[in-house]
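Trainee: I've got a fold open on my screen and I'd like to talk it through with you. Can we take it piece by piece?

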Amino acid sequence: MKHEFILAARKAAELAVEDMASGPLKTVAFQTILAQLLQRETTSPNVEPALSQVGNTLARKKKGSGLRANGTTSRLIALIEEGIFGQQRSLTEIRQLLSERGWHYQLEDLGTPVTRLVRRKLLRRTQVSDSGKKIWKYTNA
């Protein structure tokens, strides 16, 4: 692997996580992005121009609006970064927190993104009894 490519991949990964709060989530995100970029180089011969284009696009986006991505998962990650999951939260509570920030979801639409964050080990879940019903509660503590 060329030294220039490794440096470009590192810079692209750094740009991708630049707006994240420092901590383990940022470290894991950086490692994952860098690994993906480096893996592409070994499987695709023309990845260097594409990598430089990705870096340029990320830099333009960072300079532009300064806004985060708008997907459900990125909104949930924003809640994690805010420390909301320092205590156990149900899907209903998560839905309410998102609503307070202007992001309105049906309860059924949150299950899959939250479960994916559990699988990525960004959240943990525990089954608890609440008013005689068993429900899942999510935390990162």
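Predicted model: local features only at pLDDT ≥ 70, side-chain atom pairs only at ≥ 80, totals over all residues.

Trainee: Where is Lys121 found, and in which loop?

Mentor: Start from its backbone: Lys121 has a positive phi of about 65° although it is not a glycine. Most residues other than glycine have a negative phi. As for the place, Lys121 is found in the loop between H6 and strand E2 (124-130).

Trainee: Ser131 also has a positive phi without being a glycine. Is Ser131 buried or exposed?

Mentor: Its phi is about 55°, and Ser131 sits in the loop between E2 and E3. The cut-off for exposed is over 50% relative accessible area. Ser131 has 74%, so the call is exposed.

Trainee: Stepping back, in what order do the elements of the protein run from the N terminus on?

Mentor: Count them up and you get six helices and three strands. Reading from the N terminus, the order is α-α-α-α-β-α-α-β-β.

Trainee: What share of the 141 residues in the protein is made up of buried residues?

Mentor: For the contacts, take pairs at least 6 apart in sequence: 54% of those join residues at least 24 apart. For burial, the cut-off is under 20% relative accessible area. Across the 141 residues, the buried share is 29%.

Trainee: On to the largest nonpolar core. Which of its 21 residues touch the most other members?

Mentor: Look at who supplies it: helix H2 (24-43), helix H4 (72-82), helix H5 (91-100) and helix H6 (111-119) each give at least two residues to this core. The largest share, four residues, comes from H4. The members touching the most others are Phe85, Ile94 and Leu123.

Trainee: Let's zoom in on Ile94. Leaving aside neighbours within four places in sequence, which residues is Ile94 in contact with?

Mentor: Ile94 is one of the buried residues of H5, and one of the core members with the most contacts to other members. Its partners beyond those neighbours are Leu76, Leu79, Phe85, Arg89, Leu110, Val114 and Tyr138.

Trainee: And how many residues are in the other core, the one with Phe5 and Ala12?

Mentor: That core lies apart from the largest one. Its members include Leu34 and Leu37 too, and its count is six residues.

Trainee: Back to H5. Why do its buried residues sit on the same side of the helix?

Mentor: The buried ones are Ile94, Leu97 and Leu98. In an α-helix there are 3.6 residues a turn, so residues three or four places apart point the same way. These three are on the same side of H5 because they cover an arc of only 100° around the axis.

Trainee: What covers those buried residues, and which exposed residues are on the face turned away?

Mentor: The cover includes H4, strand E1 (89-90), H6 and strand E3 (133-139). Just after H5, Gly102 takes a positive phi of about 95°. On the face turned away from the buried side, the exposed residues are Thr92 and Glu100.

Trainee: Ile84 is in the loop between H4 and E1. How far apart are the C-alpha atoms of Ile84 and Ile94?

Mentor: Ile84 is buried, with a relative accessible area of 13%. Not counting residues up to four places away in sequence, Ile84 touches Leu79, Arg89, Leu97 and Arg101. Ile84 and Ile94 are ten residues apart along the chain, and their C-alpha atoms are separated by 9.0 Å.

Trainee: Lys137 lies in strand E3. Does Lys137 count as buried or exposed?

Mentor: Beyond residues up to four places away in sequence, Lys137 touches Gln88, Arg89, Ser90, Glu93, Arg124, Arg125, Thr126 and Val128. Its relative accessibility is 17%, so Lys137 counts as buried.

Key. Residues numbered from 1 in each chain as written. Heavy atoms only, no water. Core = buried A, V, L, I, M, F, W, Y, C linked by side-chain atoms within 4.5 Å. Buried < 20%, exposed > 50% of the residue type's maximum accessible area, 1.4 Å probe, protein only. Contact = heavy atoms within 4.5 Å. Arc of directions from axis to C-beta.
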